Amino acid sequence: MFRIGDGQQAKQALEKLVETGFGAATSRTTKGAIWSVLAAGLVSLGLMLGSTGSAHSKGPVPVAGYETVAPSQLPAQGQDVLKKIYAGGKFKHDKDGTVFGNRERLLPAKDRGFYREYTVRTPGERTRGARRIVCGGLMPTAPDACYYTDDHYGSFRKIAP
């Protein structure tokens with residue numbers, strides 16, 4: 001269970017809000033949905049603020065909301081792709097360098113066309129695999145920020161500059 005201060009107090013406050021703040025006419029199903037949204041919001045807020053707790057993450061989450069990874073900590077294939085991005089080099093896959101739509105909304109909201117995706121090859125994988133680098137900025141060879149995912153856009157770590 002994720003804690004912000006005293007988790008039991010937060011839970012009781014949310015329960016009271018659901019029970020009294022939304023009136024007696026609110027159905028159990030609606031109350032359950034409201035509870036879920038409020039709880040998810042608190043978890044998100046805690047993650048964005050870098051709060052400590054037992055949220056499921058791979059380590060401390062910085063204030064910006066993303067774990068960071070140094071370029072040297074990327075797999076060798078990721079390091080190669082990152083070098084090619086900055087050099088404007090040739091890429092193996094047709095999808096490399098194409099617009100990443102951010103449909104998962106896990107990266108900061110930007111206009112369409114801001115983000116571009118690149119395949120990070122997985123040894124032994126016959127398809128493109130799940131590993132990607134997504135970079136954002138107006139100039140593809142000088143991105144404002146790059147992110148690494150090893151779970152096909154399920155999560156991202158910001159690549160430290």
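User: Where is Arg105 found in this predicted model, and why is Arg105 called exposed?

Analyst: In this predicted model, Arg105 is found in the loop between β2 and β3. Its relative accessibility is 73%, and the term exposed applies over 50%; Arg105 therefore counts as exposed.

User: What is noted about the backbone of Arg105?

Analyst: Arg105 is not a glycine, although its phi is positive, at about 55°.

User: Which loop holds Tyr153, and why does Tyr153 count as buried?

Analyst: Tyr153 is found in the loop between β5 and β6, the latter spanning residues 157–159. Buried means under 20% relative accessible area. Tyr153 has 8%, so it counts as buried. Tyr153 also has a positive phi, of about 70°, although it is not a glycine.

User: Why is Glu117 called buried, and where does Glu117 lie?

Analyst: Glu117 lies in strand β3. Its relative accessibility is 5%, and the limit for buried is under 20%; Glu117 therefore counts as buried.

User: What makes the approach of Glu117 to Arg128 a polar contact?

Analyst: A polar contact requires a pair of N or O atoms within 3.5 Å, one able to donate a hydrogen and the other to accept it. The side chains of Glu117 and Arg128 make such a contact at 3.2 Å. The side chain of Glu117 makes a further polar contact with the side chain of Arg132, at 3.5 Å.

User: Which residues is Glu117 in contact with, leaving aside its neighbours within four places in sequence?

Analyst: The contacts of Glu117 include Lys95, Asp96, Gly97, Thr98, Val99 and Phe100. Also among them are Arg128, Arg132, Ile133, Val134 and Tyr153.

User: Why is Thr98 described as partly exposed?

Analyst: Partly exposed covers the range between the buried limit of 20% and the exposed limit of 50%. The relative accessible area of Thr98 is 27%, so Thr98 is partly exposed. Thr98 lies in strand β2, residues 98–99. Not counting residues up to four places away in sequence, Thr98 touches Tyr115, Arg116 and Glu117.

User: Is Lys84 buried, exposed or partly exposed, and what is the value behind the term?

Analyst: Lys84 has a relative accessible area of 38% and is therefore partly exposed. This residue lies in helix α3. Lys84 touches Gly89, Lys90 and Phe91, not counting residues up to four places away in sequence.

User: Why does Thr149 count as buried, and what does its side chain reach?

Analyst: Thr149 has 1% relative accessibility, and buried means under 20%; Thr149 therefore counts as buried. Thr149 lies in strand β5. Its side chain reaches the backbone oxygen of Ser155 at 2.8 Å. Beyond neighbours within four places in sequence, Thr149 is in contact with Ala130, Arg131, Arg132, Gly154, Ser155 and Phe156.

User: Which residues make up the largest nonpolar core, and what makes a set of residues such a core?

Analyst: A nonpolar core consists of buried residues of the nonpolar kinds listed for it, joined through side-chain atoms within 4.5 Å. The largest one has twelve residues: Val69, Leu74, Val81, Leu82, Ile85, Tyr118, Val120, Ile133, Cys135, Cys146, Tyr148 and Ile159. The elements giving two or more residues to this core are α3 (76–87), β4 (132–136) and β5 (145–149). The largest share, three residues, comes from α3. Apart from this core lies another, of ten residues, among them Leu107, Ala145, Tyr147 and Phe156.

User: Which residues is Leu82 in contact with, leaving aside neighbours within four places in sequence?

Analyst: Leu82 is in contact with Pro71, Leu74, Ile133, Cys146 and Ile159.

User: How many cavities of 30 Å³ or more does a search of the whole structure find, and what lines the largest cavity?

Analyst: The search finds one cavity of 30 Å³ or more. The largest cavity has a volume of about 40 Å³. Its lining consists of Phe114, Arg116, Tyr118, Cys135, Gly136, Gly137, Met139, Pro140 and Pro143. Strands β3 (115–119) and β4 are the elements that give two or more residues to this lining. By class, the lining has six nonpolar, two polar and one charged residues.

Conventions. Residues are numbered from 1 along each chain as its sequence is written. This is a predicted model: local features need pLDDT of at least 70, side-chain atom pairs count only at pLDDT 80 or more; totals for chains, interfaces and linings use all residues. Side-chain values use heavy atoms; hydrogens and water are left out. Helices (H or I, at least four residues) and strands (E, at least two) are DSSP runs, numbered from the N terminus. Buried means under 20% relative accessible area, exposed over 50%, partly exposed in between (1.4 Å probe, protein chains only). Contact means heavy atoms within 4.5 Å. On a 1 Å grid over the protein atoms alone, a cavity is a set of points where a 1.4 Å probe fits but cannot get out, and a pocket is an open set with protein on both sides within 12 Å along at least five of seven lines; lining residues have an atom within 4 Å of a point. Grid points are joined across faces, edges and corners, and a volume is the space filled by probe spheres set on the points. Ala, Val, Leu, Ile, Met, Phe, Trp, Tyr, Cys and Pro count as nonpolar, Asp, Glu, Lys and Arg as charged, and the others, Gly among them, as polar.
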